[in-house]
Amino acid sequence: MVVDNKKHRIAVIPGDGTGPEVIREGLKVLDAAAKKFKFQYETKIFDFSGERYLKTQKLIEASDIEELKKYSAIYLGAVGHPDVKPGILETNVLLKLRFALDQYINLRPVKLYNPAFCPLKDKKAEDIDFVVVRENSEGLYKGMGEFRDKGTKNEVAIQISYNTRKGVERCIRYAFEFTRKRNRKKKLTLCGKTNVLTYAWDLWQRTFNEVAKEYPDVTTDYAHVDATTMWFVKNPEWFDVIVTDNMFGDIITDLGAMIQGGMGIAAGGNINPEGVSMFEPIGGSAPKYTGKNVINPLAAICALGMLLEDVGEARAGKAVEDAVIKIVASKLKSLAAGKMGYSTTEIGDLVVENL
Ligand code: IPM
Ligand code: MN
């Protein structure tokens with residue numbers, strides 16, 4: 001519900017690489033949306049970049065997390081710097097935020113806006129329109145495990161998938177609620193690997209079946225993760241909402257991004273339904289395109305649309321998405337960096353004009 005005179009406080013983390021460029025366009029759209037839909041907002045920029053880390057060795061601290069908890073939402077550009085060893089920023093910025101703010105859902109809509117940009121043959125826009133609900137706080141991402149006899153010929157590396165009943169249930173419950181509210185096909189598919197991962201997926205399957213009893217209006221389905229990737233390519237129209245664990249969700253949503261037209265358009269939300277959520281384009285920091293004004297800002301702009309909906313500005317969020325749909329359908333030559341027929345800033349302007 002839109003609360004009159006409420007001022008949305010948005011924490012902005014431009015991050016690395018092309019992050020600041022796409023966020024700049026997103027903020028341009030935010031400003032236009034605020035004027036059109038008459039809501040108040042303020043932003044504060046937080047520099048949690050690789051650049052800052054290289055200069056100061058600083059990452060995200062406990063006090064930063066406390067500060068971020070005071071915001072209505074977080075808008076994130078990209079994480080990853082070519083001069084910082086892989087893993088440091090990912091773990092200490094992106095995953096740190098997701099975990100510390102208990103953003104236990106990673107919501108990734110997969111929607112084709114223009115069939116011309118779909119790598120699959122003969123797919124219409126309405127054939128690719130589903131949402132992946134990825135568990136975002138547990139599983140293989142928990143960071144549990146150990147080395148045994150590291151560096152020797154007998155070395156063993158163990159990486160644990162950690163699944164709690166509470167963690168699995170809250171994710172599944174969110175997915176059922178989401179499917180019901182979305183009200184499209186009202187079908188929820190559990191994507192797992194019950195045939196091999198017999199501990200984790202036994203818990204997931206049991207929990208899914210139990211929670212399903214409370215949602216008789218939602219049709220349920222199950223697909224193994226390997227088969228899911230096959231269906232994404234063969235019959236994406238079968239899906240409505242998919243719920244899965246952290247690792248599988250990570251993998252299948254990159255494929256999802258490709259069938260919706262690529263990283264240039266794929267957005268996601270890290271959701272804490274009871275707390276502060278964070279919205280981001282799901283592509284990386286794209287160092288090779290940095291500073292060239294060629295990166296596609298639409299993924300970041302779509303992420304802004306999701307953010308607006310989350311803070312109670314659903315009409316504005318929908319208008320942003322509609323403007324994106326319009327220009328993707330009629331103006332852009334491609335969704336790929338450097339090939340769009342427009343620069344990064346021109347695309348931001350086009351969205352504003354079509355709002
Ligand atoms: C994503 C990314 C992250 C993930 C990386 C950067 C840690 O790939 O958001 O999907 O694995 O979750
Ligand atoms: Mn990923």
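## Salt bridges at a glance

Count up the salt bridges here and you get 28 in the structure. Keep in mind that this is a predicted model. As a general point, side chains of opposite charge can pair when their charged atoms come close. A few of these pairs are worth a walk-through, and then there is a ligand to look at.

## Two pairs that reach across the chain

Start with Glu67 and Lys44, whose side chains meet in a salt bridge with an N to O distance of 3.5 Å. Glu67 sits in helix 3 (residues 62-68) and Lys44 in strand 2 (residues 40-45), so this pair ties together parts that are 23 residues apart in sequence. How accessible are the two partners? Glu67 comes out as partly exposed, at 23% relative accessibility. Buried would mean under 20%. Lys44 is partly exposed too, with a relative accessible area of 38%.

Next up is Asp217, which forms a salt bridge with Lys186; their closest N and O atoms are 3.0 Å apart. This one links distant parts of the chain, with the two residues 31 apart. Both partners sit in loops: Asp217 is in the one between helix 6 (200-212) and strand 9 (219-224), while Lys186 is in the one between helix 5 (165-182) and strand 8 (187-192). Asp217 has a relative accessible area of 29%, which makes this residue partly exposed.

Asp322 and Lys318 form a salt bridge through their side chains, at 3.0 Å from N to O. Both belong to helix 10 (residues 314-330), and because they are four residues apart, about one helical turn separates them. Asp322 is partly exposed, at 33% relative accessible area, and Lys318 is also partly exposed, at 48%.

Some salt bridges share partners, and that joins Arg165, Glu169, Arg173, Glu210 and Glu214 into one network.

## Around ligand 1

The side chain of Arg108 has an N or O atom 2.8 Å from an oxygen atom of ligand 1. Arg134 also places a polar side-chain atom 2.8 Å from a ligand oxygen. For Asp250, the distance from a side-chain N or O atom to an oxygen of ligand 1 is 2.9 Å. As for cover, ligand 1 exposes 320 Å² when taken alone, and the protein buries 75% of that.

## One more lysine

Last stop: Lys35, which is found in helix 1 (residues 19-37). Is this side chain's residue buried or exposed? Lys35 is exposed, with a relative accessible area of 58%; the cut-off for that label is over 50%. The side chain of Lys35 is joined to that of Asp31 by a polar contact of 2.7 Å.

Note on methods
Residues numbered from 1 in each chain as written. Chains lettered and ligands numbered in written order. Predicted model: local features only at pLDDT ≥ 70, side-chain atom pairs only at ≥ 80, totals over all residues. Heavy atoms only, no water. Salt bridge = Lys/Arg side-chain N within 4 Å of Asp/Glu carboxyl O. Buried < 20%, exposed > 50% of the residue type's maximum accessible area, 1.4 Å probe, protein only. Polar contact = N/O pair within 3.5 Å; in protein donor to acceptor, adjacent residues only side chain to side chain. Areas by Shrake-Rupley, 256 points an atom, 1.4 Å probe, with all protein chains shown as cover.
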